[in-house]
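Visitor: Please give me a close look at a single part of this model. I would like the overall numbers for that part, then the residues that pack inside it.

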Amino acid sequence: MGMATEAQFHVLAVDDSLIDRKLIERLLKTSSYHVTAVDSGSKALEFLGLNGSHEDGQRNPSPASVSLDEDQHQQDVEVNLIITDYCMPGMTGYDLLRRIKGSSSFKDIPVVIMSSENIPSRINRCLEDGAEEFFLKPVQLSDVNKLRPHLMKGRSKEMQQNISKRKGMEEILTPDRTRTRYNELEVV
Amino acid sequence: MGRNRLQHQVACMRRSLFDQGFLDEQFIQLEELQDDASPNFVQEIVTLFYTDSARLIQNIEQALNNGPIDFSKLDDYMHQFKGSSSSIGAKKVTDECKVFREYCSAENAQGCIRTFQQVKQEYAILRRKLEVYFQMVRQADVAHTP
């Protein structure tokens, strides 16, 4: 694949309204983001590979990325930002925010909340509990422009982590390399 | 009719939709999101609005006419209706939805029923106007410049 710096950012959009999903998708695509839009918090968690029956972090080797089960498909799905509606049946956007922030694998993904209702206590609670931004609906291009710094920050953090990880792995692999090859020959 | 003439008519109709308060700034936001990559975006999202509204109108009708009124369910439907009408810039429809929700919080059944008639009426008027408008847009698009 291409260099991390050139890959498109991938945004996961969550909204139970069909119209609002179409709107946010267009807003994000216009801003050159790759978009996945789902209609509920539980579908968002499913997409990330986080659900009630698995413990957070077990299947996920690196932050902000997930490998799906072999019986689904072999694909690394990386999400760089989650933008979610607040008012949704079942799991609210706030519930989703809490789940993401409570997950060791996904807590570093920036989360943005959208709402049609301007309720200061609601807005404050979301921001205090880890939401990066709170947008009032209808969301506009000027709002979506505010996402970029959060995405850039996430990417540079991830690159730092990749660099230290790679260094760590190199130190582990080198001494064992000849031994591993020898073992493979024996099996054959 | 030549393209220039048709485009002029389109511009006039568009202008009046704003001047008469049927549409607000949000509709312009939608137009700005339309481009070569998504050339029919406005019509597509408006069409989704028609489908979604039909569903909500039916649900609200049932909620109002089938036995004791569940105001919280009604409010939920109207919240959705207000949300989608606001997202496409349907100003008058959105305003009526807000009035309806006030009657809902007050648990005023008569107020809800009356206002719902207003919501349906504004929705029907807007839909008719937008259908004419988009038809004119399409005609202007395919017309030849004289």
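**Chain B and its aromatic cluster**

Guide: In chain B, the mean position of the 17 positive charges and that of the 20 negative charges lie 6 Å apart. Lys and Arg count as positive and Asp and Glu as negative, with His and the chain ends left out; each charge is placed at NZ of Lys, CZ of Arg, CG of Asp or CD of Glu. This is a predicted model, in which local features need pLDDT of at least 70 and side-chain atom pairs count only at pLDDT 80 or more, while totals for chains, interfaces and linings use all residues. Residues are numbered from 1 along each chain as its sequence is written, chains are lettered from A and ligands numbered from 1 in the order in which they are written, and side-chain values use heavy atoms, without hydrogens or water.

Chain B has six helices and zero strands (DSSP runs numbered from the N terminus: helices are H or I of at least four residues, strands are E of at least two). The order along the sequence is α-α-α-α-α-α. Along the principal axes, the C-alpha atoms of chain B fill a box of roughly 60 × 30 × 25 Å. Of the 146 residues in chain B, 46% are buried (under 20% relative accessible area; over 50% is exposed and in between is partly exposed, with a 1.4 Å probe and protein chains only). The accessible surface of chain B is about 7,700 Å², and carbon and sulfur atoms account for 47% of this surface (Shrake-Rupley method, 1.4 Å probe; for residues, only the protein chains shown count as cover). Among contacts in chain B (heavy atoms within 4.5 Å) between residues at least 6 apart in sequence, 67% join residues at least 24 apart.

An unreviewed UniProt entry lists residues 38-140 of chain B as "domain: HPt"; UniProt positions follow the numbering used here, feature names are shortened, and annotations may be inferred rather than shown by experiment. That stretch of chain B is 87% helix and 0% strand, with its end C-alpha atoms 18 Å apart.

Over all chains, the structure holds seven aromatic pairs (Phe, Tyr or Trp rings, the six-membered one for Trp, with centres within 6.5 Å; planes under 30 degrees apart are stacked, over 60 edge-to-face, the rest tilted). Ring pairs join Phe49(B), Phe81(B) and Tyr123(B) into a cluster.

Phe49(B) counts as buried because its relative accessible area is 0%; Tyr123(B), at 7%, is buried as well. Beyond its neighbours within four places in sequence, Phe49(B) contacts Phe81(B), Ser84(B), Ser85(B), Ile88(B), Tyr123(B) and Leu126(B), together with Ile19(A). The C-alpha atoms of Phe49(B) and Ser84(B), 35 residues apart along the chain, are separated by 6.7 Å.

Another Phe, Phe18(B), sits in helix H1 (residues 3-19) of chain B. Phe18(B) is also buried, at 18% relative accessibility. Leaving out residues up to four places away in sequence, Phe18(B) touches Leu23(B), Asp24(B), Phe27(B) and Ile28(B). The C-alpha atoms of Phe18(B) and Leu56(B), 38 residues apart along the chain, are 25 Å apart.
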